[in-house]
Amino acid sequence: MTKEKKYRVESDLLGELNVPIDAYYGVQTQRGINNYRISCMKMYDFPDFIVSFAFVKKAAAMANAEVGALDPHISEAICQACDEIIGGALWKNFPIDLMQGGAGTSVNMNANEVIANRAIEILGHEKGEYQYCMPNDHVNCGQSTNDAYPTAIRYAVIRMNKKLVVSLERLITSFRNKAEEFKDAIKMGRTQLQDAVPMTSGQEFAAFANNLEEEVLNIARNEVLLHEINMGGTAIGTGLNAAPGYADLCTAHLSEITHEKFEKASDMIEATPDTGAYVSYSAALKRLAVKLSKICNDLRLMASGPRCGLAEINLPPMAPGSSIMPGKVNPVIPEVTNQVCFKVIGNDTTISFAAEAGQLQLNVMEPVITECLFESITWLSHAMDTLREKCVDGITINAEHNLEMVRHSIGIVTALNPYIGYKNSTKIAKEALATGKSLVDIVLEKQLLSKEQLDEILDPKAMLQVHKKFK
């Protein structure tokens, strides 16, 4: 009985390596697996990246066949292999760690080898028989890692961004629903954690929604920058080894098969090392994270208590809050969202350093940019979904408690300014704080206004808009 063969032997510049017999990847991918055990974030953890590479390689094969640089039968097999990957096949054959040296060469070769081996099967041969379809000469024809890799990154981010925006828009809708639900609920507004003037909880939640709505447009403005690509620039932007007309055709085919409006960079040598689009897009994610974290801070403050804090709102109880304090429930969903936002802000800093660290005709730090971008998009999307589903949708308010705080607040003295002046209002506020008397009693004692006037001026609903005195 013969022992079942577990490996095939493949070779490259550095020599021979054993590759699992059933693997669609080859020797260079195996070297990447052996070399990079860093982040534990694999290419297959981000299917959009795999799919993006398949689209890029398909567009390249179509263009190369059209300019006569690739045999049509080999091009067709490559395109079929790419279509299968786009449809969800072979994803587990992309086990490369996203964190690596080599400016992404291991990732690009992972794609080249998987596509080549599947194309070889389509052509009727066995994996590893590269004379029929070579990873470098055929799948990577007219390309370099330095144009294929960043193009795949950009399209992956574009794809992932669509999911991010859906999560963001759903969260905005959730806040708007709460704004409508709480539109008549009076509460005290605060500045610097001190009593300010009255508002409604509806106004507060509408402000959250509007604040996040701005980020939909800001993200869209920055996502557009990712559509400029350098396919056809090859190693440094000069186009060495690419056939005449290939760059324009590859860009056109990629636009057609992805339904995205990609544009060929006007200066390929400038575009090859340029990472400005990543910096801008990451900054948009950071801006969203900063705003989202501030909103979560507000939710935690408003829910503080339940008896010794503001206790204005109630967050859905999601888990027991303490291993020692019975009955304690913590705002765990806003807390985890805060922490995601901190991670995104940190990733943006890493991206900035990595973008600055490029030298001459290439930025070799794109792998860490890629990992940070993918992580930020994924974490933010999941955090916003979690915040919406497990927190915002279930928020309730303590309307009577909030109204009572308004009635007893010193802050409503602000409404008296137009009638008795800032100086008199200050004296009344100071006396109320010192004596514990109500503002109304002090104003009446000093005969500054009548009871009827005070009732009208200090009506909480009247303080939610421009004062009648100025209408």
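Helix H6 gives the most to the lining of the largest cavity, with three residues. Helices here are DSSP runs of H or I with at least four residues, strands are runs of E with at least two, and both are numbered from the N terminus. The model is predicted, so local features need pLDDT of at least 70 and side-chain atom pairs count only at pLDDT 80 or more, while totals for chains, interfaces and linings use all residues. Residues are numbered from 1 along each chain as its sequence is written, and side-chain values use heavy atoms, with hydrogens and water left out.

The search of the whole structure finds two cavities of 30 Å³ or more. A cavity is a set of points, on a 1 Å grid over the protein atoms alone, where a 1.4 Å probe fits but cannot get out, and lining residues have an atom within 4 Å of a point. Grid points are joined across faces, edges and corners, and a volume is the space filled by probe spheres set on the points.

The largest cavity has a volume of about 70 Å³. Its lining includes Asn-146, Pro-150, Arg-154, Glu-228 and Ile-229. Helix H6 (145-181) and strand E5 (228-229) each supply at least two residues of this lining. Also among the lining residues are Asn-230, Ala-271, Thr-272, Asp-274 and Glu-366. By class, the lining has three nonpolar, three polar and four charged residues; Ala, Val, Leu, Ile, Met, Phe, Trp, Tyr, Cys and Pro count as nonpolar, Asp, Glu, Lys and Arg as charged, and the others, Gly among them, as polar.

The second largest cavity has a volume of about 50 Å³. Leu-315, Pro-316, Met-318, Asn-330, Pro-331, Val-332, Ile-333, Pro-334, Lys-390 and Cys-391 form its lining, which divides into eight nonpolar, one polar and one charged. H11 gives the most to this lining, with three residues.

Helix H11 (residues 332-356) also packs with helix H10 (residues 276-302): their axes come within 8 Å and cross at roughly 155 degrees. Axes are lines fitted to C-alpha atoms, for helices over the stretch in contact, and angles run from 0 to 180 degrees between N-to-C directions. H10 and H11 are therefore roughly antiparallel to each other, a term for angles over 145 degrees. The contact of H10 with H11 has 15 nonpolar, five polar and four charged residues.

In the UniProt record, an unreviewed entry, the feature "domain: Fumarate lyase N-terminal" is placed at residues 15-346. Over residues 15-346 the chain is 56% helix and 8% strand, and the end C-alpha atoms are 40 Å apart.

Definitions and conventions
UniProt positions renumbered as here; feature names shortened; annotations may be inferred. Parallel < 35°, antiparallel > 145°, perpendicular 65-115°, else oblique. 1 Å grid on protein atoms, 1.4 Å probe; cavity = no way out; pocket = protein on both sides within 12 Å on 5 of 7 lines; lining within 4 Å.
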